[in-house]
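The questions below go through some of the terms used for a structure and ask what each one rests on. Each answer sets a value against its cut-off.

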Amino acid sequence: MKATADDTADLNTLTKKVDAEIISVNQRVPVGFSAWFVVALCILYTGFHVGVMNLYPLETWTYRLIHVGGGLVLGFLLFSGSSLPAMGAAKAPSLARRTYLMLLAPGAAAILLAFATSVQFWVTGQGADQAASKTAMEWSFSLPLLGGTVWVLLVAWFFPLRDRGRIDPADALLAIAAVAVTAYIIFHAPFLRLRAGTALAKQADMYAAITGVILILELTRRLAGLALVIIAAIFIIYSFVGPWLPGVLQHRGYSASRFFTYVFTDQGILGPTIAISSTYIILFVTFAAFLQASRVGEYFVNFAFAAAGGARGGPAKVAVLGSGLMGMINGTSAGNVVATGSLTIPLMKRVGYKPQTAAAIEAAASSGGQIMPPIMGAGAFIMSEITAIAYRDIVIAAIIPAVLYFASVYFMVDLAAQKFGMKGLPRDQLPKFAKLARQVYLFIPIFILIGALFMGYSVIRAGTLAMIAATVVSWLTPYKMGVRSILYALEIAAKMSLQLVAVCAAAGIIVGVIALTGVGTRFSSLLLGLADHNQAIALFFAMLVAIVLGMGMPTTAAYAVAASVIAPGLVQMGIPVLTAHFFIFYFAVMSAITPPVALAAYAGAAIAQSDPMRTSVESFKMGLAAFVVPFMFFTSPALLMQGSTFEIIHVFVSAAFGIYLLSSAVQGWFFGLIAWPLRLVLLVAALAMIDGGWLTDSVGLAAGLLVWALQKRLLTPTSISRGAD
């Protein structure tokens, strides 16, 4: 999205554009009856989740299946399967349109037959578990369902004749297939839970599970790209070729029946990742949607502009504050860059930041939102689920590392502004702080959320109270939320959560393979062998694995997979569970700004019109502290609130000073321009403070004072002035 000079002068106009940007990326907008139908499904989907979580608890297996199945249905109805051709389907020659429909016909007949059969068996009470209906179920349901789904996908891939104004027949058929799979597994749930992954699994079970896996991977391809799909496909292939692989990768191999029925259980797709997606993630995505619909979220951005927009490099500092806050709730680094970067990046460019620097600052700030408590982009909830550590303890431990990270990005921004003599936005183009200060009550939803969590309320209850608070405080503004606005919030919440549903389901496939084959345990043993029981070396390998796994994958999936593969080995070496998981989580998050595959940086580059690779390198520099902080809390557990009050204060102060030295070394500005030799001295001083001991702290402080003294003695005001030009 581009902004002209006139646009940048009107922050209210730009913040309205942000609202639309959050849900518009790749989204199709049907018209007429189909639009109303899809909107109704979105409202029903989100309303179902909120209702079940708060009012009428549903059996876990069924609830998770409806969560996945409903996400598949909405995903296929809302998102086009491939790039649109230059000529839409509505304007295509009638012959091409008829050919397209004729090609779809065999797949349509098979899927509709399977759907009708599933309805028939549900009405009559028969099923694949009855001997009389076993053959009929195979030939009239499972095989047609699988064959029809594959056929429709092939036609959709190689004959992409689509129209944004209506639901494509291929997408509608895939949605029907998703309903059939979900209904079958729910209907036969008691039997599947007993026989899944064993020799007792039926052929119909296998075909239904294969169809479900194909649909999940296709939706993931549409919403998250090919990277996660390729990784999941490699893991699926690995489950079959294990007997022919060497060394640590070897396993006895599994039949298709055992593998696919196993992976579609609570050990795989319906396991921890979907457990989090169907509760905490969708809850806080809905909370974010309520903030958007009530315009309370817009107030946060305007408040940041009023407070910091006029300072040197003002829009960049607003990006650090605003994007961090919204990224905490948003749940996806790249998605938050698209949403808030559409506002902040044009304004940063206006005050003098290079396009690639503006995009890099936004990417670093948005990614940092994933490590900011109390929500941490759902990371805290996933970590709590995997480690069995209380959510409150995780949130408290995350406070200091998050403060250090955002302090580092802020230092980077401020030092760059000093170095290049950047100014803030004119005060007459900013919201009036006095007026916004009188509306400070709009922060009440955030205060209620944090307060309820620390008072011991469940996460679900705290999130629900925060949504109610967002609705109530909107009544004190011109944008009062009524029934229509609440329904709109439920609608956009469904659209915003679909990518996370697909990603968590795909990650569940990988987690299922790891659990079935035991490769995670063997990989941990290999890690121990390579590190030769040296914790520092093991952490270095863990960092590399977490970053590589996270490249091209959303944070939620990257952490879930990395934790399954790496964490057991680190814990086995004696590293505390909390430290090991925080270490992995940080690097999984920072993979979004790590070259060569830095999704958050690429999203920012698209908005800033900058070179993607240069932007990714710049974002890596901006977020460099995140690559140092994990080693800090490994050597100094007090950074994770593990220790006495004095120890915590000591390591926080010394770490903050080290972060400032690191930022100065990267930017080349320490009370004035500094040459490369002095930058290297500052870098060594900053790294020396990783240990957190008194001796290393003294070395870092002495080096910093030495550079400062040399600056005062060797630099003249004239030379500093030239550097600021």
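Q: Leaving aside its neighbours within four places in sequence, which residues is proline 612 in contact with?
A: In this predicted model, proline 612 is in contact with Tyr602 and Ala605. Contact here requires heavy atoms within 4.5 Å. Proline 612 belongs to helix H29, which covers residues 612-622. Between the C-alpha atoms of proline 612 and alanine 601, which are 11 residues apart along the chain, the separation is 7.0 Å.

Q: Why is proline 612 called partly exposed?
A: Its relative accessibility is 39%. Buried means under 20% and exposed means over 50%, so proline 612, at 39%, counts as partly exposed.

Q: What makes cysteine 42 and cysteine 504 count as buried?
A: The cut-off for buried is under 20% relative accessible area. Cysteine 42 has 0% and cysteine 504 has 1%, so both count as buried.

Q: How many disulfides does the rule give?
A: The count is 0. A pair of cysteine sulfur atoms must lie within 2.5 Å to be counted.

Q: Why is helix H7 called oblique to helix H9?
A: The axes of H7 (residues 169-187) and H9 (residues 203-224) come within 10 Å and cross at roughly 135°. Roughly perpendicular covers 65 to 115 degrees and roughly antiparallel begins over 145, so H7 is oblique to H9. The crossing is left-handed.

Q: What kinds of residues make the contact of H7 with H9?
A: They divide into 8 nonpolar, 2 polar and 3 charged. Among them are Leu174 and Val181 of H7 and Thr211 and Arg222 of H9.

Key:
Residues numbered from 1 in each chain as written. Predicted model: local features only at pLDDT ≥ 70, side-chain atom pairs only at ≥ 80, totals over all residues. Heavy atoms only, no water. Helix = DSSP H or I, 4+ residues; strand = E, 2+ residues; numbered from the N terminus. Buried < 20%, exposed > 50% of the residue type's maximum accessible area, 1.4 Å probe, protein only. Axes fitted to C-alpha atoms, helices over the stretch in contact; angles between N-to-C directions. Parallel < 35°, antiparallel > 145°, perpendicular 65-115°, else oblique. Left-handed = near helix turned anticlockwise from the far one by under 90°. Nonpolar A, V, L, I, M, F, W, Y, C, P; charged D, E, K, R; others polar.
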